[in-house]
Amino acid sequence: MTYWTSMSTPTDLLPHLRRARDLIDNRYADDLDLEIIAQRAGVSKYHFIRSFSAAYGQTPAQYLAHRRIERAQDLLRATNLTVTEVCMLVGYTSLGSFSAKFRSLVGETPSAFQERYGGKGVPHIPGCYIFMRGLQERAISEKPSAASGH
Amino acid sequence: MITNVSLVTVYVTDQDEAKKFYTDVLGFEARTDAALGDYRWVTVGHPDHPELEVTLMVPGPPLDDEMAEAVRRALANGRMGGLGLRVDDCKKTYEDLSARGVEFPQPPSDRPYGVEAVMRDNSGNWLVLVEPKSGE
């Protein structure tokens, strides 16, 4: 049975889109081609971009970028890796485009973000929840005193 | 005095398929399977946890229609979370389950608290597998 809702994506189609989204989540660090992602969903590229955007509120490319930046935040918070190492690890080949994307989504540079966490340790939230929630932390909406309680 | 958690609910798309997956693939054991009219109560449990049952529930009453449909869509689009599971060897479990066709949004990854992977059950729930750091 097919359900149409205000979100306009049939429920039957959602598991296919889910598989494509899981592929992005699993292989975000690879050189992922939209063709391959659409193939995973088993629909044409055009139909895929439209239905994925309707279901998740982001185009596949935006979702991939958010996933990469979210993973970069995780690494910058939790590890001693340099910004360049993190950039490569999450699938960017150019530090310039990584930093620009990070700044546009988070509101500060990767280095500034890393400095805020330097030596303070990691919030004790299971990584899987952070992973499944996706990109949340943005300097733009953050209160400066938020981290002082830890 | 509350002694322990005895029942948790996991929403599934099909109780037969879910029961098969949780027993055959994940190694749970079948517990109760009882019907009351068109209402069916299916539980599974982990062999090492006799005190905890997991009820595999299809979205429906007591949820209202709108909520049930929202749960179905959340299962379908992959936003619904199921259980957190502890594993002795995350990488090995990942390999075993992958070989059996289980899909992983997140392969085993190092976390401050251990090695963690995120998998899908056959209803679309995400389940997290954690191998804690030794001593934790």
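Mentor: Let's settle one term before anything else: two residues count as in contact if their C-beta atoms, placed from the backbone, lie within 7 Å. Keep in mind, too, that this is a predicted model. Now take Leu17(A): setting aside neighbours within four places in sequence, its contacts are Ala41(A), Ser51(A), Phe52(A) and Ala55(A), plus Asn77(B) from the other chain. Leu17(A) also belongs to the largest nonpolar core, which has 41 residues, and together with Ala20(A), Ile24(A) and Leu56(B) it touches the most other members. As for who supplies that core, the largest share is 6 residues from helix H4 of chain A, residues 60–78. Apart from this core there's another one, with 13 residues, including Cys128(A), Cys90(B), Val118(B) and Trp126(B).

Now for the sheet in chain B. It's an open one with 4 strands in the order E5-E8-E7-E6, and the pairing is mixed. Strands E5 (81–86) and E6 (106–111) of chain B are at the edges; each has a single partner strand, so one side of each is left without a neighbour in the sheet. On average, neighbouring strands here are turned by 20° against each other, ignoring direction. Zoom in on E6(B) and you'll find that it pairs with strand E7 of chain B, residues 114–120, in the antiparallel sense over 4 bridges. Within that stretch, Ser109(B) has Glu116(B) in E7(B) as its bridge partner. Finally, helix H3 of chain B, residues 90–99, lies across E6, E7 and strand E8 (126–132) of chain B, and runs at about 20° to E7(B).

Notes
Residues numbered from 1 in each chain as written. Chains lettered and ligands numbered in written order. Predicted model: local features only at pLDDT ≥ 70, side-chain atom pairs only at ≥ 80, totals over all residues. Core = buried A, V, L, I, M, F, W, Y, C linked by C-beta atoms within 7 Å. Buried ≥ 20, exposed ≤ 12 C-beta atoms within 10 Å, placed from the backbone. Helix = DSSP H or I, 4+ residues; strand = E, 2+ residues; numbered from the N terminus. Pairing = 2+ DSSP bridges. Axes fitted to C-alpha atoms, helices over the stretch in contact; angles between N-to-C directions.
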